[in-house]
Amino acid sequence: MNLNLLNEELVRENMLSEIIYFDETDSTNNYSKKSNLGNNTLVLTSSQPGGTGRFGRPWYSSPGKNLTFSLIKFFNLQIDEIHLVNFYSSYILCMTLKEFIKKNKDCEVTLKWPNDILLNRKKLAGFLLDVKDLKNDSKKFIIGAGININQENFPDDIKSKATSLLLEIKTEIRKEELLIAFIKNFYGKLYLIENKNELMRQWNNNSKIEGKKINFKKSDDDKERAATVIGIDNDGGLNVKFDDGKKSRFYSGEISIVYDLN
Ligand code: BTN
């Protein structure tokens, strides 16, 4: 990891205050939760044996190949606005990736509710957010991101669903460049957090989930149920119509999109 470059580009006024780098740490989110880190700290590691994903699943990342980091950022948000940071982070990463691969016309980056980034319909990146100081106006967000960059092989159980930039665009990417672009975009568009209608409009434009057939489950041990997406509300709620005709709104859970074979 070229820390000199990251420090030169990112540690300055109105962006990162500090970069804490580990060759290896259990999980950047766990480290951030245990430590008393200040606003705008970035915790970055090249190897993360205890990486965690949503629903407490492991997050596999081959050492040295990918980006795994946590950004500490305080936001003045009410409890019912916390989801905006999720949607903001995934939207910013989606836009950053689009800029990066714009020459690859056959590659498509999309957002999948609630905060996955897909490349050519396979999972490229995900976010895991932890929030502290819930009672305070200013809440501390630990924004954990895992982005598959140069990984070539995935464990059997996720092989068919996961991908990396290298596998799709067939070119090695300098991880530092993507990280720099993401952080700059993140700090450059913060006004969107205060303009939730616009944020959610842009998020939806990059998700194109409305009207799609999906399978939905509330948790890992839940049974999948077939449904059609009605839309995503500005409060982050996913509105679906199940195949039995019942309509519901969810604020957490997981979907898999059913693609037409043709
Ligand atoms: C998901 O399940 O999609 C979320 C994956 C989040 C993984 C990242 S990697 C850096 C940070 N530290 C962790 O232990 N998890 C997040």
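These questions and answers cover the ligand site and one hairpin of a predicted model.

Colleague: Where does the ligand sit, and which element gives the largest share of the shell around it?

Modeller: The ligand sits in the largest pocket. Among the elements that each supply at least two residues of the shell are α2 (28-34), β3 (67-76), β6 (122-132) and β7 (138-147). The largest share, 4 residues, comes from β6.

Colleague: How many residues of the shell around the ligand are polar?

Modeller: There are 19 residues around the ligand, and Ser27, Gln48, Thr52, Arg54 and Lys123 come nearest. The shell holds 5 nonpolar and 3 charged residues, and its polar residues number 11.

Colleague: Which residue has a backbone N or O atom 2.7 Å from an oxygen atom of the ligand?

Modeller: Gln48 places a polar side-chain atom 2.9 Å from a nitrogen atom of the ligand. A polar backbone atom of Asn29 is 3.5 Å from a nitrogen atom of the ligand. The backbone atom 2.7 Å from a ligand oxygen belongs to Arg54.

Colleague: What percentage of the ligand's accessible area does the protein cover?

Modeller: On its own, the ligand has 410 Å² of accessible area.

Colleague: Which residue in the turn between β10 and β11 has a positive phi?

Modeller: Strands β10 (residues 238-242) and β11 (residues 247-250) pair in the antiparallel sense over 4 bridges. Lys241 stands opposite Lys247 in β11. The two strands form a hairpin with 4 residues between them. The turn residue with a positive phi, about 100°, is Gly245.

Key: Residues are numbered from 1 along each chain as its sequence is written. This is a predicted model: local features need pLDDT of at least 70, side-chain atom pairs count only at pLDDT 80 or more; totals for chains, interfaces and linings use all residues. Side-chain values use heavy atoms; hydrogens and water are left out. A residue is near a molecule or strand if one of its heavy atoms lies within 4 Å of it. A polar contact is a pair of N or O atoms within 3.5 Å; within protein, one must be able to donate a hydrogen and the other to accept it, and residues adjacent in sequence count only if both atoms are side-chain atoms. Accessible areas come from the Shrake-Rupley method with a 1.4 Å probe; for residues, only the protein chains shown count as cover. On a 1 Å grid over the protein atoms alone, a cavity is a set of points where a 1.4 Å probe fits but cannot get out, and a pocket is an open set with protein on both sides within 12 Å along at least five of seven lines; lining residues have an atom within 4 Å of a point. A molecule sits in a cavity or pocket if more than half of its atoms lie within 2 Å of its grid points. Ala, Val, Leu, Ile, Met, Phe, Trp, Tyr, Cys and Pro count as nonpolar, Asp, Glu, Lys and Arg as charged, and the others, Gly among them, as polar. Two strands pair if DSSP finds at least two bridges between them.
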